[in-house]
Amino acid sequence: MRPAEGIAILLLVGMMFMSDSAAAPTTTLDEFCKNLPKCEGIAGEGWFRLGEGRCLKAFHTTYLNFEDAEKACTQHISHNNFTAHLVSIHSKAELDQVVCAMHKVTPGRPPYWIGLHLTFYVENNLIYDWTDGTQHMFDNFAYNQPNFFNEEEKCIETNYYSWGRWNDVNCAFTRPYVCAVKV
Ligand SMILES: [Ca+2]
């Protein structure tokens with residue numbers, strides 16, 4: 001064996017060891033998400049099924065503030081006369097599908113915008129609504145969130161410390177975002 005080959009093999013073994021040890025938590029999510037059904041009803045790549053009648057896509061390369069992210073969904077995506085919005089989430093099953101769609105394109109777990117935002121508050125009474133107009137009945141906030149810090153945090157990001165956990169932040173922050181549309 002020539003020295004260069006020996007070094008190459010050592011490097012390869014080292015890389016395999018590193019990726020094995022570093023990937024343990026994500027391998028579980030890879031396994032959990034491997035059967036996420038693709039969405040056949042909408043044009044373009046990267047769309048996955050959401051619940052019974054929607055499709056979703058994680059737009060991971062463009063960072064926008066909350067308002068512009070919602071506009072990116074409403075102004076550029078529609079299907080059969082339905083307009084897309086930032087994703088609304090109504091059950092654990094839907095939450096899992098959103099997490100998997102994000103994880104497939106960004107295993108590093110950046111925070112993403114979802115469609116929940118504060119629409120009314122008086123003292124400790126905080127009312128949140130989904131931008132698509134559906135009823136807000138399901139929450140998955142992280143511990144001690146939402147905290148409405150400095151009375152400035154009115155928009156909801158997900159993946160706060162762990163996949164799928166929500167946090168209220170300043171709407172001017174820029175985040176990648178998840179759009180969903182009826183099909
Ligand atoms: Ca917060």
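This is a predicted model: local features need pLDDT of at least 70, side-chain atom pairs count only at pLDDT 80 or more; totals for chains, interfaces and linings use all residues.
Buried here means under 20% relative accessible area, exposed over 50%, and partly exposed in between (1.4 Å probe, protein chains only). Residues are numbered from 1 along each chain as its sequence is written, and side-chain values use heavy atoms, leaving out hydrogens and water.

**Disulfides**
- The structure has four disulfides (a pair of cysteine sulfur atoms within 2.5 Å).
- Cys 179 pairs with Cys 73, sulfurs 2.0 Å apart, and the link is left-handed, with -80° about the S-S bond.
- That pair ties helix α3 (residues 66–76) to strand β10, 106 residues apart (helices, H or I, of at least four residues and strands, E, of at least two are DSSP runs, numbered from the N terminus).
- Cys 73 is buried too, at 0%.
- Cys 155 is joined to Cys 171, and this link is right-handed at 95°.
- Cys 155 is buried at 2%, whereas Cys 171 is partly exposed at 24%.

**Nonpolar core**
- The largest nonpolar core has 28 residues, and Leu 56 and Val 178 are among those touching the most other members (a core is a set of buried Ala, Val, Leu, Ile, Met, Phe, Trp, Tyr and Cys residues joined through side-chain atoms within 4.5 Å).
- Helix α4 gives the most to this core, with six residues.
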